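Open the model in your viewer and keep the sequence panel beside it. The stops below say what to select and what is found there.

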Amino acid sequence: MVRPNFPVRLGAAEEALIAQLKSAGADQAAERVTVAGLPTRRVESYHYTDLKTLLRAVPPMGQPANQVDVPALAIAGSYNLTLINGAVFQQGEAPAGLKVGTVTGGVLTTRDDILVHVNNGLAREALSLDVASGAEQIVQIARRIEGEAAHVADAVKIFVGDGAKATIVETFTGSKAAHVGNHATYLALGKDAVVTHVTIDLSGRETSHFATNEYHLADGAKLRTLIVHAGAGLSRTHLFPRLGGAGAHADVTGLNLVSDGQHSDITMETSHAVAHTSSQPLFKSITRGHSKAVVQGKLIVARDAQKTDAKFMHQGLMLSDEAEVLSKPELEIYADDVVCGHGSTCGKLDEDSLFYLLSRGIPKAEAETMLVRGFIAELIDPIEDDALNEALQGIVDGWLLTGQ
Amino acid sequence: MTTPVLEIRNLHARIEEREILKGVNLVIPQGEVHAIMGRNGSGKSTLSYVLAGKEDYEVTEGEILLNGENILEMEPDERAAAGLFLAFQYPIEIPGVATMTFLKAAINAQRKARGEGELSTPDFMRAVKEAGAQLNVDSAMLKRPLNVGFSGGEKKRAEIMQMALLKPSLAVLDETDSGLDIDALQVVSKGVNALRDGKRSMLVITHYQRLLNHIVPDVVHVFSDGRIVESGDKDLALKLEAEGYANYGGEAA
């Protein structure tokens, strides 16, 4: 019998997702997966990350676990929170100016994206943070997947009040198992708020890491994001910054650190929704061994968003002959008085620079490390918090030291 | 007899299939400053790169002895630790690498290779300050990434400052005068002359004689078509300036 309502052939991963969504009562999301399946390369925003091929299995839903301990990074003065297999753990009293709570269900704006549907359908409780107007906060959120291989959908919703200043660090870690993490962060910046949002994937090689970050910027808000992929075998972060207030500015940055056998994708879709906003997306990828890094960057400028100033840049550094760096910039501009651009470069370590350092007596391995650090400096230097800056440098150094 | 600081014997080198050095012989005794003059394309800069060990060049014949030790099998960093310093004609800009970080790494790497302890931070800072003062390298320059945004003169001053810090036994100065105005030339020359201590040897590669008014050489060699074709005292440079390189044959550049 012909079944025209089922245009895609569903694999084991999709069948598991559909069953999980149905049992969570998320029938609409289950229907989306049933009809569309996991995105293939024919879905433009997944062009280089074909999930139908890359994600063959989805483990059972993670069970609540209770093993709160030290945060992943030592950051002086930070207030630490933990999400384990999706459940929120608060350690100690929140400082003045920060309200911590939970909200039920997903946090992401519904959009035509399977991972968003799945997260909204499966996230049970979301961590909610409110930074009061004018307050200054450093918050670290450790998102962990523990125990046997598990599928975890967790969510965080953050409001940063008018004129507040916040540094929010999210780390992704967990037990070494074939987890699938589907993480959502919704971050809204009030007028003139200044926010640094750093996410670092340090999960195990066996893990597949998916994150969707949504940002909303009001008038004069300043956002700096740094997405670091340095863990999972398959990682993908999808960024949706929306500049919705005049004077808003976003430095959307990211770093793929990709070793042999890994696939790492950062995809961004920035919306300039009103006039007089600016963004400076800057991404870097370093690949070694047989590995693949992907950066896609789309700038959407609405019809009324005149005087938009936006420049997307992706730079790739390939440390081996088998490494791949894939780059796709896109501009979708409906306004007529804007300055928008994109650029992309890709190459190996510069031979002349290397020779210069060697000629001063610096041994090759050290010289290469210096050049790689130099390549990344543009991303890490702007992180003002000293401890965070140092922690990030440590992660990069650790990645370099593990070799391969 | 004291071992010469540099002895080059019948050096042949090529890049890809093209032979550029065609039998270079040169001896620089301790403490002497030798100049190599030659037209563009004669292979002068190639000689400096081959001395420093740049990978692109293949040595097909001959020897290079630095303080009696054959350095041809050494990596560039090992040659540096053995006492060789090349002041680049075009110092490389390296964004993201802080000048101070670089200087410290270079000094300590060389000390380590020679079995000496690392320089303490205060000692390092003092050494940089002293060397910088002499060459008008101020702290603003040192705070910038390595050579990034430096003017031509600043780059050359920074090169000589590195030389002062690294204290090589042989300094090779590749067209150090190129891109310098008179004032910068004087500062750089003063810095170089301050490092002439009767022990350190130098090989000054230049196209023009004017540099040799400031850094007065003990011996001048004329380089043409991949080898030294004539040697003499500093007056040879004046003769070259007056007559040009036409008398030395080879292809015009």
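Predicted model: local features only at pLDDT ≥ 70, side-chain atom pairs only at ≥ 80, totals over all residues.

Residues are numbered from 1 along each chain as its sequence is written, with chains lettered from A and ligands numbered from 1 in the order in which they are written.

**Stop 1: chain A as a whole**

Select chain A. Its secondary structure comes to seven helices and 20 strands (DSSP runs numbered from the N terminus: helices are H or I with at least four residues, strands are E with at least two). Along the principal axes, the C-alpha atoms of chain A fill a box of roughly 70 × 50 × 50 Å.

**Stop 2: residues 146-375 of chain A**

Now select residues 146-375 of chain A, where UniProt, in an unreviewed entry, places the feature "domain: SUF system FeS cluster assembly SufBD core". UniProt feature names are shortened, positions follow the numbering used here, and annotations may be inferred rather than shown by experiment. Over this range the chain is 9% helix and 58% strand, and the end C-alpha atoms are 34 Å apart.

**Stop 3: the nine-stranded sheet**

Show the strands of chain A. Nine of them form an open sheet with mixed pairing, in the order β3-β4-β6-β8-β10-β12-β14-β17-β19; two strands pair if DSSP finds at least two bridges between them. Which are the edge strands? They are β3 (98-104) and β19 (324-333) of chain A, each pairing on one side only.

Inside the sheet, pick β12 (residues 234-243) and β14 (residues 263-272) of chain A, which run parallel and are joined by eight bridges. A:Arg242 has A:Ser271 in β14(A) as its bridge partner.

**Stop 4: two buried helices of chain A**

Select α4(A), residues 114-122. Nine of its nine residues are buried, so the helix is largely enclosed by the rest of the structure. Among the elements covering the buried residues of α4(A) are α1 (12-23), α2 (27-36) and β12 of chain A.

Go on to α5(A), residues 351-358, where six of the eight residues are buried. These are A:Ser353, A:Leu354, A:Phe355, A:Tyr356, A:Leu357 and A:Leu358. Their cover includes α6 (364-380) of chain A together with α2 of chain B.

**Stop 5: where chain B touches chain A**

Show both chains. Here 21 residues of chain B are in contact with 18 residues of chain A (C-beta atoms, placed from the backbone, within 7 Å). On chain B, α2 (76-81), α3 (99-113) and α6 (152-166) each supply at least two residues of this side. The most comes from α3(B), with five residues.

**Stop 6: a hairpin in chain B**

Finish at β9 (residues 219-224) and β10 (residues 227-232) of chain B, which run antiparallel and are joined by five bridges. B:Phe223 stands opposite B:Ile228 in β10(B). The hairpin has two residues between the strands, and B:Asp225 takes a positive phi near 45 degrees.

Notes. Contact = placed C-beta atoms within 7 Å. Buried ≥ 20, exposed ≤ 12 C-beta atoms within 10 Å, placed from the backbone.
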